[in-house]
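Me: I have a structure open here and would like to talk it through with you. Could we start with the strands and then move on to the overall picture?

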Protein chains: 2
Amino acid sequence: MSDEALVTRLRDLLGKSAVLTDTDVTASYARDMMPLAPSGQPLAVVLPANVEEVQAVVKACAEAGVPIVPRGAGSGLSGAANAIDGCVVLTLTKLDEIVEIDPGNRLAVVQPGVVNLDFRNAVEKHGLFYPPDPSSYDWCTIGGNLSTNAGGLCCVKYGVTTDSVLGLEVVLADGSLLKTGRRTVKGVAGYDLARLFVGSEGTLGVITQATVQLKPLPQAPATLVAGFTTTEAAGEAVARIVREGLVPSLLEIMDASSIKASETYLKTDLGAGSDCQALLLGQSDAGGEVARRELAAIEQICTDCGADLAYTTEDLEEGRMLLQARRVVLTALETYGQWLTDDVCVPRTRIAELIRGCEKISSEVGLRIAVVGHAGDGNMHPTIVYQPDDEDEFARAQRAFDAILEVGLSLGGTVTGEHGVGKIKREWLAREIGPVGLRVHRQIKAALDPENLFNPGSMFSMT
Amino acid sequence: MSDEALVTRLRDLLGKSAVLTDTDVTASYARDMMPLAPSGQPLAVVLPANVEEVQAVVKACAEAGVPIVPRGAGSGLSGAANAIDGCVVLTLTKLDEIVEIDPGNRLAVVQPGVVNLDFRNAVEKHGLFYPPDPSSYDWCTIGGNLSTNAGGLCCVKYGVTTDSVLGLEVVLADGSLLKTGRRTVKGVAGYDLARLFVGSEGTLGVITQATVQLKPLPQAPATLVAGFTTTEAAGEAVARIVREGLVPSLLEIMDASSIKASETYLKTDLGAGSDCQALLLGQSDAGGEVARRELAAIEQICTDCGADLAYTTEDLEEGRMLLQARRVVLTALETYGQWLTDDVCVPRTRIAELIRGCEKISSEVGLRIAVVGHAGDGNMHPTIVYQPDDEDEFARAQRAFDAILEVGLSLGGTVTGEHGVGKIKREWLAREIGPVGLRVHRQIKAALDPENLFNPGSMFSMT
């Protein structure tokens, strides 16, 4: 089938308005938020409205031998959803129905195009809580979250996306529909296929529905902030918090560079003093006396580790203001240039070493690197600032990006904690998982997608 | 290679004492605890002492074309570890080292032959907690737990085995060693292979090491017991406990038949009265005031649902005594004959219907069926009692076993919540997952084990 014939076929299947080919329009579907990742020009962008249309698209593309790149909102940070030349971008945003909320069994059934925040709000009306909260939660979709196994700020207590998944419906490479998983809390009938598709970044199939378990709605959070004059003291505090068995609902770290950017942007003083090298922000959503006890224990640990600022508040608005300092870091960095955020996860005892490593890299490449991260789970986001129109700076930013991964791996970490491999960390994935791991990946990909139809060349290459 | 040559080769590789061929001896390695499952006569039982020996055994068997059945302690309840004629039973019990306990990162590295209880005790010395606690926890092994994705009584709060797994080492069908997963809390570098191997019942590879995350040691539990004059009232209480967002650390149900067996065996009165049709046993390990509040809320729900007994104690010994009534049920049933325990998981709102269904089946087949179960997660274990030397009773027991699964499926449940598919539920698995699901299972199995070396015919057949 010629490209032209495929487009005609897709228009017949989905209707004209659901098949975009104008390159000015398709360009806005060709990339996610990762500046380092390459992207190509798609043959077409299609917006199917239901699972049958997804199946029809997959069958048509399979027949034509045209690769498919599945895509949600495009908030990703690894280029996993970036188009390749001549592909069909399969956008799932029109599958946006919350099919069912079952409070008696604390579960919901949801389509991939539902925006994370809309889903959170919908289940909250039933007193329920969907934990995964990536930073883009107000515009990213559940389908993208599933495909990348997205994390967020809640992971220290509530885990990542895969920990909420009970079952999936997936359109396979031959267009057939796999229904896998269950509606029960437990179940061991067969291989855990649902968790194989979660985090597979669109390389194995197209997720068209998910059954997820929900948690009871937590209490309003109490918030703690602690400031340290050395990075090591903050790192030691995190390690002690873990070792003493405390599980806050949020535990974030900001390095000196992040603090400064945030203070400048917010035109405020975070109260940490000018010699503050690291801030910890913690929350407890356990409520009342328990929350007070949890945060008091964390505050004590911070003080014991030498924090010269340690402050706890139960006032919601004040807590929100404190967290704001963390949430604005990326925006604040835009004052200095374009940001490029990396994603490594290290053992929780090694956080200070990672930050020190980033300081060293920063002075080596001569670029600002601000480290923010989910300290409670060791998932750090060192963020490099560069001038996009300066080729040399861009090259140095890329060098810094790789050097950070090098440090992460050397500390016993992984090259991606939550953003994924996509089109920017293929070589790093190969290095982390080794030749046997890569072979098993290829075997599974070849078994489920023998023609390499789905997102070819993303995550790993088949040769 | 002839069978004889393979045995000679295995003896050369492992030493004579680690290769058993005396059929009187190998018979004790040929079966697990499931009476319904077929078993064959192995060519040999091998007990490798380290990963290199496991790799050597796999290579030798692959070369000889002799299938391998991996095995832990043999506490399984699905025949998954049962020998087939002419196979090599690969027993992992000599890989019994706790390689590392890392309290700073709350993780441990453990070999498959370590007994669950020994591991729990070892980590407890560091103030840490390994949640999975199948009933056989005092003799089952971590390797068996991983292979079956074992559950237990803690799952309502702490999940199943796979929820603790960070990484695995697995010997593949060509003898190579796959190291997959990570030592960090989060990580999305590649497919979630670790969770594909967990619960794959020895059909994809031999797990030789696991990295697991640990929890802070919980507080000493407070215990609640509630008695109901109708099954429906108890079922309604469970549904309300879930709906109101309560998460006890244990929530078990016993039906009238279980209560009676237990009371007779323990020569005691559980205080529930002669018209008690269902008991709920709950625990909170949240400690102090929080535990008191949790159990008070559960007690209130039970009373609102019509419980005529509802009693809470913080006394550890008294709590242990109350739980004893649940723990002795299987032993108590042995007074009446041999037990055959089934394993279904239903949505938590459907528990009473499952119990009613079992009562109906019991009167249809004319056999005692006692239902005990993990009410908090809907995982029920209806247990059929029969005379093993009575062929007709055995046939009726088998009929009841299948009829229970039928009811479970009709309630939106799964045919196995935690025991696995093994050699007894292959047809039921095929029915639950459907033709597309079965095809994907076969594709993955063929990709990783093209010669069908590992546990062939278990879980599903390749044709």
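Me: How many bridges join strand β5 of chain B to β6(B)?
Reply: In this predicted model, four bridges join strand β5 (residues 98-102) of chain B to β6(B), and the two strands run antiparallel. Within that pairing, I101(B) stands opposite A108(B).

Me: And what about the hairpin, which residue takes a positive phi there?
Reply: That is R106(B), with a positive phi near 50°, in a hairpin that has four residues between β5(B) and β6(B).

Me: Which strand stands opposite A108(B) through V212(B)?
Reply: V212(B) belongs to β10(B), a strand covering residues 206-213 of chain B, which is joined to β6(B) by four bridges and runs antiparallel to it.

Me: Are the residues on the two faces of β6(B) buried or exposed?
Reply: They are buried on both sides, with L107(B) and V109(B) on one face of the strand and A108(B) and V110(B) on the other.

Me: Changing topic, how is chain A related to chain B?
Reply: A rotation of 180° with 0.0 Å of shift along its axis superposes chain A on chain B, at an RMSD of 0.0 Å. The two copies are therefore related as by a two-fold rotation axis. The same surface serves both copies, since 100% of the contact residues of chain A recur in chain B.

Me: What does chain A look like as a whole?
Reply: Chain A has 15 helices and 19 strands, and buried residues make up 63% of its 463 residues.

Technical notes: Residues are numbered from 1 along each chain as its sequence is written. Chains are lettered from A and ligands numbered from 1 in the order in which they are written. This is a predicted model: local features need pLDDT of at least 70, side-chain atom pairs count only at pLDDT 80 or more; totals for chains, interfaces and linings use all residues. Side-chain values use heavy atoms; hydrogens and water are left out. Copies are superposed by least squares on the C-alpha atoms of residues with pLDDT of at least 70 in both. Contact means heavy atoms within 4.5 Å. Buried means under 20% relative accessible area, exposed over 50%, partly exposed in between (1.4 Å probe, protein chains only). Two strands pair if DSSP finds at least two bridges between them.
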